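Here is a short report for a reader who is new to this structure. Please look at the model first, then read on.

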Amino acid sequence: MTESAVPSSRFSRLFEYGVLATGIGIGAVREGIRRMGSEEQNSGSVIMNPGNLEMMVRKLSKMRGAALKLGQMLSFQDASFLPPEIQTILTRVQDSADYMPRRQLERVMQQELGKDWRNAFSSFEDIPMAAASIGQVHAAVLADNGKPVAVKIQYPGVASSISSDLKNLGVLLTASKLLPAGLYLDKTIANASMELGWECDYTREAQGLKKFRELLKDDTDFVVPEVLEDLSTSKVLTMERMWGTGVTKNDSLSQDTKNWIASKIMELCLREVAQFRYMQTDPNWTNFLYNDQTKKIELLDFGASRAYSKEFVDSYIGVLKAAVRGDRKGCEEYSLKLNYITGLESPTMLNAHIDSILTLAEPFKQTENLDELYDFSNQTVTDRVRSYIPIMLKERLTPPPEETYSLHRKLSGAFLLCAKLKARIPTRRIFYETVERGN
């Protein structure tokens with residue numbers, strides 16, 4: 001991690017975007033001149049050259065906030081329909097964020113917890129354990145009882161700059177002309193703005209933590225940290241410290257353990273939709289820790305938690321069930337109820353839409369053997385769904401329902417996590433017990 005001050009005023013953030021835009025322009029001109037008369041003259045975008053890509057990653061890491069968060073949100077989906085240059089940036093920003101210097105840290109903590117805030121802790125590590133798009137997390141120990149805690153501190157100016165940040169980023173992405181038509185960038189940015197507003201409200205996140213602790217209180221496989229309300233505000237969140245390791249970062253895990261982790265996370269995702277109607281929608285794999293001592297999965301980061309209406313869930317589950325049994329007409333009918341389609345689509349678009357749903361449902365499809373294992377290490381679902389995307393981007397008549405942006409991001413993250421772990425799990429049984437019988 002690198003230390004750098006967070007540009008906290010609107011002017012300073014606008015200035016940084018201006019510097020980025022100017023730098024990209026200059027870099028493109030230089031690249032164009034370099035290619036003149038060479039075999040590379042027509043070899044791809046002059047804008048997204050290696051120098052500009054590096055500049056964008058560095059600038060987003062310094063800026064933090066909405067721009068970096070939007071990149072991270074896209075990066076944990078299957079972004080394969082995007083140009084390779086954009087994919088490179090998204091991959092680089094997944095775990096990329098600078099941390100703020102001590103003077104900014106002190107200023108935020110004094111504003112939120114008072115001048116003598118350090119008296120609440122017998123120890124407080126000034127260098128954070130982690131730095132993300134909206135805030136950074138510090139290890140500390142409570143002074144009164146010696147309990148280890150994690151203190152999440154929001155970067156100054158991030159919450160107030162969401163709208164302007166996303167607007168500026170939208171201008172940059174549109175000007176680059178690299179995003180495919182039909183992506184509904186304005187709708188994506190509007191959804192990101194809403195979700196980022198939620199994530200910048202640590203009081204709301206604390207409520208999400210408490211709700212999930214209640215929902216999972218009798219669960220023997222998951223742990224949700226306890227919130228310390230006396231040391232929490234809308235910009236500081238203090239919680240019980242978790243001791244697990246990121247599920248994708250522990251090379252010593254056996255394949256059986258990886259399979260168990262993958263099955264439990266997939267099961268939880270389906271429970272959140274079908275049973276809780278309340279989901280933690282951030283797909284970042286670092287939000288799932290495995291504690292090798294307790295043999296439990298520890299859950300983090302509930303800022304993007306949200307509820308879904310019964311009407312939406314009933315129709316969404318209807319689509320899933322229809323897809324699992326291979327019912328094309330049912331997929332169409334429930335897609336109309338969800339406003340996924342208008343009913344005026346071309347046969348080509350309608351077939352691509354339904355085929356993509358049926359493909360995504362393949363791991364859960366009905367079989368005689370409920371315990372048949374689905375091998376995510378050899379899955380081709382991602383590649384086959386990718387083949388339908390150009391058609392849907394070209395012929396789609398309406399943007400997807402607002403609720404599905406976050407929901408599909410989380411489910412996509414779960415699929416990709418299972419693939420990352422090379423898991424072989426009984427997906428059919430998980431779907432049957434969680435959605436069909438459990439719902």
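The text below covers a sheet, some helices, a strand pair and the aromatic rings.

This is a predicted model: local features need pLDDT of at least 70, side-chain atom pairs count only at pLDDT 80 or more, and totals for chains, interfaces and linings use all residues. Residues are numbered from 1 along each chain as its sequence is written, and side-chain values use heavy atoms, with hydrogens and water left out.

Helices (H or I, at least four residues) and strands (E, at least two) are DSSP runs, numbered from the N terminus. Two strands pair if DSSP finds at least two bridges between them. An open sheet is built from four strands in the order 5-10-9-7, with mixed pairing. Its edges are strand 5 (222–223) and strand 7 (245–246), each of which pairs on one side only. Strand 5 runs parallel to strand 10 (residues 296–299), and two bridges join them. Valine 223 has glutamate 298 of strand 10 as its bridge partner.

Helix 9 (residues 255–276) packs on this sheet. The helix touches strand 5, strand 9 (288–291) and strand 10, where contact means heavy atoms within 4.5 Å. Its direction makes about 45 degrees with that of strand 10. Axes are lines fitted to C-alpha atoms, for helices over the stretch in contact, and angles run from 0 to 180 degrees between N-to-C directions.

Asparagine 259 lies in helix 9. Is asparagine 259 buried or exposed? It counts as buried, at 15% relative accessibility. Buried means under 20% relative accessible area, exposed over 50%, and partly exposed in between (1.4 Å probe, protein chains only). Leaving out residues up to four places away in sequence, asparagine 259 touches Lys422, Ala423, Arg424 and Ile425.

**Lysine 410**

Helix 14 (residues 402–420) holds lysine 410. This lysine 410 is buried, with a relative accessible area of 3%. Its side chain makes a polar contact with the side chain of glutamate 272, at 3.3 Å. A polar contact is a pair of N or O atoms within 3.5 Å; within protein, one must be able to donate a hydrogen and the other to accept it, and residues adjacent in sequence count only if both atoms are side-chain atoms. Residues that lysine 410 touches include Cys269, Met279 and Phe288.

Strand 4 (residues 148–154) and strand 6 pair in the antiparallel sense, over five bridges. Valine 151 stands opposite threonine 238 in strand 6. Strand 6 (residues 236–240) is mostly covered, with four of its five residues buried.

**Aromatic rings**

The whole structure has 12 aromatic pairs. Rings of Phe, Tyr and Trp (its six-membered ring) pair if their centres lie within 6.5 Å; planes under 30 degrees apart count as stacked, over 60 as edge-to-face and the rest as tilted. Two of the pairs are shown here.

| Pair | Centre distance | Plane angle | Type |
|---|---|---|---|
| Tryptophan 260 and tyrosine 290 | 6.3 Å | 65 degrees | edge-to-face |
| Tyrosine 374 and phenylalanine 376 | 4.9 Å | 75 degrees | edge-to-face |

Tryptophan 260 lies in helix 9 and tyrosine 290 in strand 9, so their pair ties together parts that are 30 residues apart in sequence. Tryptophan 260 is partly exposed at 25% relative accessibility, whereas tyrosine 290 is buried at 6%. Tyrosine 374 is buried at 16%, and phenylalanine 376 is buried at 1%. Phe364, Tyr374, Phe376, Phe415 and Phe431 form one aromatic cluster.
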